[in-house]
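Here is a short report on selected helices and their packing. Please read it alongside the sequence and the coordinates.

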Amino acid sequence: MNNAPALLLENVQLALGDGDARVTALDHVNLCVNAGEFVAIVGPSGSGKSSLLAIAGALSAPDAGRVEIAGQDVTRLSASKAARFRRENLGFVFQADNLTPSLTSAEQLQLAGRIAGRKDVPVDALLAAVDMSHRAGHRPGQLSGGERQRVGIARALALVPRLLLVDEPTAALDRARSHEVVELLAERAKVGGTAVVMVTHDRDVLGHCDRVLEMVDGRLSELEASAL
Amino acid sequence: MFLALRELFFARGRFALMGVVVGLISVLVVILSGLASGLVNDGVSGLKSLHVTSFAFNAGTMKDNAFSRSTVDAKQVSAWQGVDGVEQAEPMGVSIVNGTTQSDHQIDLTLFGVQPGGFLSPSAEAALSAGAPGDIVVSETAEQNGVKVGDTITLERSEVQLRVAGFTKDQATFGHVDVAYLPLETWRYLAGGETQAGAVTPERVNAASYELASVVAVKAAEGAAIDTAAADEAASTMTMAKKDSFNASPGYQAETMTLSMIQVFLYAICALVVGAFFTVWTIQRSKELAVLRAMGASTGFLLRDALAQSVIVMVVFTGLGVLVGLGLGALMPDAMPFSLEAGPVASATVLTIVLGLIGAAVSVLRVTRISPLRAFGGAR
């Protein structure tokens, strides 16, 4: 179990839409991400990056192929089993405005714990790790975009997930903040042993990643370092 | 509850607004309950206090105002006395009269002519006796209006004088008019029309020849079943069970039906308002809920949280509304038919809360259909 890759996609197929509007979102996608690896996936809009995250995050099932996370086959889990799997193994960081508006930063993390029935989330340590201790009592409305992202990352890491899925974390951030956030992710991957898969169109920050893959028309391919 | 409480606080303006609406509805619910109880009391408390199983009216009497229209004779009474399962059957006279007190105060009375010492007799300190045929026992509501023991009431037109000998323990009214119990023979004396002005004496009463009564009051033996149809057939009467006879009190049916209709509307409004609010509220929260779903929150977790919000709002604001309603009720003028009774108010309160929760639940169920995929996507 320990040696199993954090994420394994085998020949995954996914089509979206109906009839004439049917589009291939994922076309024979293969992907293997090990624990502690920081992988970035780049590509134009509409290339299927979000679908990839949805499949990798046990949020939707592929039409064909296998999805394995930390050694467990999650391809065809029922909605409630998938929810359980997600809260026990996965962390999500979404694009923006994805914190609960009514909760302070500290409470966002506590809520993450309560979803899994746990009240022992190390809130202070997590906030310190993302350098947000001084904003523990603030609500999202009082935080800047970069600060919200950092709280979002702390929340995603609250239950020590095996796999962290990140969707365009720097979309609403300026250059400096973008680098800060991605550096943070890289550090968490190395230190915590969490596998991180980040979807982004920001080529600027790719230097922090271990591997970069490109998604075009539903097909995934590894990029050489020189192509960056 | 963790999230529910914090959200309630965070969006307290919105929740307070809806809460105020719920509170106002609750105030109305309480006031209507008081009105309904008051009208019922004013209409039929006199009948309610009788230990009667059913009334037998003369066959063919129009149901509306049947008490005043019906007349029964001695044969019909004895027919009923012989029926299987009947413990007692007595004749009873009902009529409405107008009169003035000695202080020139006008008063209307519904006369209940009953046999002194019979099962219809009021349990008052001053008992009715054939020896003092002009004595009447009046509803205690008359005492609140200034009538005193010993007062003389002079009836209009006939100029007959009746003496107030005592009051009933509880309110006894019929068709919004105070009830006055008097001996059946005195009632017959008055109903017969051959009266003489002034006091009612035993001689004058004995001289009267009117032998009829309005209805036969029937009391069934404990646990016995009476073959009403057969008894009615034999006595040429039409029986109405005590509860059904309420409709024979003038205006009762119309009043209670109107109020019931208003109450039903109010409950419907409550459910719809709360439902509408929570529908909009759930839609506003859908991105946040989608994120929680993606994080792995179970459907049960989300539903419990959403329902907790509606329970807190409904209980708190209905409670506040009821308190305000009770306060307002205490300020109601005595002249209004209004009576706040614990039972009806409590059940009205519970019904308001339950219907509000049903309204909320229907909209909150949308929560189960929020797909976690909605968590993806750009900034709002």
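The sections below take up helices of chain A, then helices of chain B.

## Helix α5 of chain A

This is a predicted model. Helix α5 of chain A covers residues 145-157, 13 residues in total. At 1.5 Å a residue it should span 18 Å, and its end C-alpha atoms are 19 Å apart, so the two values agree.

The helix is mostly covered, with 11 of its 13 residues buried. The buried set is G146(A), E147(A), Q149(A), R150(A), V151(A), G152(A), I153(A), A154(A), R155(A), A156(A) and L157(A). These residues pack against several elements of chain A: β6 (90-93), α3 (105-115), α4 (123-129), β7 (163-167) and α6 (175-192). Chain B also takes part, through α11 (286-294).

## α3 against α5 in chain A

Two packed helices are described by the angle between their axes and the distance between the axes. For α3(A) and α5(A), the axes come within 9 Å and cross at roughly 25°. Angles under 35 degrees count as roughly parallel, so α3(A) and α5(A) are roughly parallel to each other. The crossing is right-handed.

On the α3(A) side, the contact uses S105(A), Q108(A), L109(A) and A112(A). On the α5(A) side, V151(A), A154(A) and R155(A) contribute. By class, the residues of this contact are four nonpolar, two polar and one charged.

## A112 of chain A

A112(A) sits in helix α3 of chain A. Is A112(A) buried or exposed? A112(A) is buried, because its relative accessible area is 4% and the cut-off for burial is under 20%.

Leaving out residues up to four places away in sequence, A112(A) touches R155(A), A158(A), L159(A) and M295(B). One of these partners, M295(B), belongs to chain B. R148(A) is 36 residues from A112(A) along the chain, and their C-alpha atoms are separated by 15 Å.

## Helix α6 of chain A

α6(A) has 18 residues. From first C-alpha to last it reaches 25 Å, close to the 26 Å expected at 1.5 Å a residue.

Its buried residues are S178(A), V181(A), V182(A), L184(A), L185(A), A186(A), R188(A) and A189(A). Their cover includes the strands β3 (38-42), β7 and β8 (195-199) of chain A.

## α10 against α13 in chain B

Helix α10 (residues 252-284) and helix α13 (residues 342-364) of chain B pack at about 35°, with axes 7 Å apart. α10(B) passes α13(B) in a right-handed crossing.

From α10(B), the contact draws on Y267(B), C270(B), A271(B), V274(B), G275(B), F278(B), T279(B) and T282(B). From α13(B) come A348(B), L351(B), T352(B), L355(B), G356(B), G359(B), A360(B), S363(B) and V364(B). The contact residues divide into 10 nonpolar and seven polar, with no charged residue.

T282(B) lies in helix α10 of chain B. T282(B) counts as buried, at 4% relative accessibility. Apart from neighbours within four places in sequence, T282(B) is in contact with L289(B), S363(B), V364(B), R366(B) and V367(B).

G319(B) is part of helix α12 (residues 299-330) of chain B. G319(B) is partly exposed, with a relative accessible area of 28%. G319(B) and G251(B) are 68 residues apart in sequence, and their C-alpha atoms are 33 Å apart in space.

How values were computed. Residues are numbered from 1 along each chain as its sequence is written. Chains are lettered from A and ligands numbered from 1 in the order in which they are written. This is a predicted model: local features need pLDDT of at least 70, side-chain atom pairs count only at pLDDT 80 or more; totals for chains, interfaces and linings use all residues. Side-chain values use heavy atoms; hydrogens and water are left out. Helices (H or I, at least four residues) and strands (E, at least two) are DSSP runs, numbered from the N terminus. The expected span of a helix is 1.5 Å times one less than its number of residues. Buried means under 20% relative accessible area, exposed over 50%, partly exposed in between (1.4 Å probe, protein chains only). Contact means heavy atoms within 4.5 Å. Axes are lines fitted to C-alpha atoms, for helices over the stretch in contact, and angles run from 0 to 180 degrees between N-to-C directions. Angles under 35 degrees count as roughly parallel, over 145 as roughly antiparallel, 65 to 115 as roughly perpendicular and the rest as oblique. A crossing is left-handed if the near helix is turned anticlockwise from the far one by less than a right angle, and right-handed if clockwise. Ala, Val, Leu, Ile, Met, Phe, Trp, Tyr, Cys and Pro count as nonpolar, Asp, Glu, Lys and Arg as charged, and the others, Gly among them, as polar.
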